[in-house]
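Here are a few quick notes to go with your first look at this one. Keep the 3D view open and find each spot as you read.

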Amino acid sequence: MHDDISRSFSPARAAPSRMSTFLSSGSGSTVYWLMIVVLLVGVFVADLWSPLGVAMPTFYVAALLLIVALPGVREKILVALACTALTILDYSLSLAVTEIPAWIPIFNHLLTIALIWIVVALGVRHRRTEDAMRQSEERFRALVEASSQIVWTADGAGKIVEDSASWRAFTGQTFEQRQGSGWLNAYHPNDHKRIQAHWESATANKTPLEAQYRIRRHDGQWRWTWVRAVPLLAANGSARGWVGMNTDITERKQAEADTLFLLDLSDCIRLASDPDELTWAVAVAVGEYLQTERCSFVETDPESNRFSIHRDYRLHLPSLVGTYTLDALGPNIVKECKAGQNTVVFDTARDERTAQYMKNYRRIGVGAFAAAPLLHDGRLRSALFVSTAEPRDWSERDVALIAAAAERTWLAVEKLRLNTALRQSEEALRDADRRKDEFLATLAHELRNPLALIRNVVSLAQSSEFSEAEHRWGRDIIDKQVNYLTRLTDDLFDVSRIAQEKLGLHKEHLDLAEIIRIAVDSSRPFIDHRGHEITVSLPPVPVYVNADRVRLTQVFMNLINNAAKYSPKAGQIELSVAQQSDHATVRVKDTGIGIAPESLPRLFDLFYQADRSFTRAEGGLGLGLTLVHRIIEMHGGNVRAHSPGINQGSEFVVYLPVLHKPPQKEISIEPDRDSSITAPRVRRILVADDFPQSAETLAQLLRQEGYDVQIAQDGLEAFEVAARSRPDVVVLDLAMPTLNGYEAARKIREQHWGKDVVLIALTGWGQQRDRHRTKEAGFDAHLTKPVRYEAIIELLGNLEMGKSIDKIASSG
């Protein structure tokens, strides 16, 4: 046991130990053996001269006392051998005495020798037992010291009356400071009342004490200790004293506290619904728990070599919210983080990884820090950064806790973001489905109105009282409604092409002012009809852009028409063009009904329409702004909408990249056509369409122009009729039964009579890939339904005049 216990409860072993020490010295050994010789010889001579029957007991007693008193085994055996020799000598001298029987001296001397060696054997055994106990005590003492145990003793009343080396070494208290109740001052002041109550109860009831208290170590740190004290009871039940032990359990307490902290953190993470609020809450919790000045999650972008802090916990320090370069931390720090290693710096001024960047760290108040990086797919995505203003000796426990908090939090953040994305996706799908239904309902409404007008005009035309003037009036109505339906269909096709990224642009170098003038002139009739006034402001010098003439004109016509449509009569429309650095700005501003703030973010979404139900009479599908947005994006620009609110007007701003050098005009010289060559006269035309009414009406119109027209209702019939009649022009629908238009065209081209036949595709399919397919099949022109009758007559007239078919191949 500890030396304190040995000294207190084994005083009997102190004398032999001191004698052994004395005998181990050289001078002590000589005097010692001289005293033993004198003692044994003196006792032996005294026994020889003593009266008969007295000698042996005196010598015997002296020999036993010497054997018992001697500490070492070797000394005991030497004395026993000497006594045995003297006993034998005494027996040989006693043979001269004849007054007593011969067996009595033999018996006495043998008994003496036997007893001497029995005592030696018992002494040796006792000595070995003591050695074993001492070794056991030494091992126990070493174990106590290695395990930071504090062993102490007290008297029966619980007062400290003896010093404790282990207590003194741990707390720094001297024995004088500990005496009485002075030991209480080593414990935390907040624990004093509890300690006194527990100790008084244990000493009064003589029951063991077990408790946990904080005690101040010699370096000033408060350490948690587990205290156990047991009473040493006398036979009558009273306490002779107390033996106590304090075990340092600070690490265990800290581990328990860390576990509880992480459990609480897990509950917080489990209940979180917003990733940004979660990272903020964890940063605050970790910063307060570890008692640091800063704590925050940083999001990194290694490709741009930057990191961002969105929110940070800070204690009496300025915020670090913002974006910074990774180089400011030092390349070695960044390298460790990218490798996924927990990075610890005890002192930014002394650490070789951060010393040369000390200005950066000092500016933000960082004297020491620990960072737990978070990787995704092998790339650094984020890190939990914890720092103090002064140098700090980060423990393994601190770093492990930071890493655990970072990992748990980031997994939850990614899960929350994924759930949010899924939820937003579901909401977007539901919203898209709702807007699709609204769009279809609107489309049906927009189709019914012109169809109803056309039906009414047809019914009136069937009346016998329908005059020629009324016939012209009816034709004008039908023409307008057909044009409206055509524009509606074109918008639908354009949106479909853009959505599938199949809308092609034919870009050229253009003066933006020219496009604006064309768009204003095209929209002028509608503006005048609404009674609006439009003001156009153009820059004094040309602004050149690389754009598709038709599509860009379509964009500005849509914006101008929208401004006119959604402004009350006699409104003001302002259109201005300006060049700023490397982009041009076109503004279309009106004094109309405005746009609600909640509608602005989604104004350009497909199928989305702001609540303008009171303007429903103007019609439309609400596709115009979607087309504007997508077409401008395809030109490398963007468009934005602004409005102060309902009935406060609106403004649309288009940004387009500009060309800094004016375009070079290309001069081309076309060879004169040989006037002696005359174009063939087009007389015979074959029209093939599986929709009989469509073929009949077109044939009737062509016959009125003097053409010889035949009709077929599928591709195979078209080929057979063409083989018999050898037409000059064949107009083919593409989607026909038996033999489609592509196959019929190829089959006609394979015939010797079909080499010079002009093939015209008349179809509802008008995308670029459809035009490529018709060209590959051998068609000369591609017309998209519904096509103006005038365009067909113009095409046929151009053929008769010998103009190149390539110039009109994409009409319609």
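A crossing of two helices is called right-handed if the near helix is turned clockwise from the far one by less than a right angle, and left-handed if it is turned anticlockwise. Keep in mind that this is a predicted model.

1. Start with helices H20 and H21. H20 covers residues 715–725 and H21 covers residues 741–749. Two packed helices are described by the angle between their axes and the distance between the axes. For this pair, the angle is about 25° and the axes are 9 Å apart. Angles under 35 degrees count as roughly parallel, so H20 is roughly parallel to H21. As for handedness, H20 and H21 cross in the right-handed sense.

2. Now for the surface. Which residues make the nonpolar surface patch of about 310 Å²? They are Ile77, Leu78, Leu81 and Trp117. Helix H5, residues 73–93, gives the most to this patch, with three residues.

3. You'll find Trp117 in helix H6, which spans residues 103–146. Is Trp117 buried, partly exposed or exposed? Its relative accessibility is 31%, so Trp117 counts as partly exposed.

4. Last stop: Ala383, in strand S11 (residues 379–388). Buried means under 20% relative accessible area, and Ala383 has 8%, so Ala383 is buried.

Technical notes: Residues are numbered from 1 along each chain as its sequence is written. This is a predicted model: local features need pLDDT of at least 70, side-chain atom pairs count only at pLDDT 80 or more; totals for chains, interfaces and linings use all residues. Side-chain values use heavy atoms; hydrogens and water are left out. Patches are made of residues with over 30% relative accessible area and no salt bridge: like charges are joined within 9 Å, nonpolar side chains (Val, Leu, Ile, Met, Phe, Trp, Tyr) within 5 Å. Accessible areas come from the Shrake-Rupley method with a 1.4 Å probe; for residues, only the protein chains shown count as cover. A salt bridge is a side-chain nitrogen of Lys or Arg within 4 Å of a carboxyl oxygen of Asp or Glu. Helices (H or I, at least four residues) and strands (E, at least two) are DSSP runs, numbered from the N terminus. Buried means under 20% relative accessible area, exposed over 50%, partly exposed in between (1.4 Å probe, protein chains only). Axes are lines fitted to C-alpha atoms, for helices over the stretch in contact, and angles run from 0 to 180 degrees between N-to-C directions. Angles under 35 degrees count as roughly parallel, over 145 as roughly antiparallel, 65 to 115 as roughly perpendicular and the rest as oblique.
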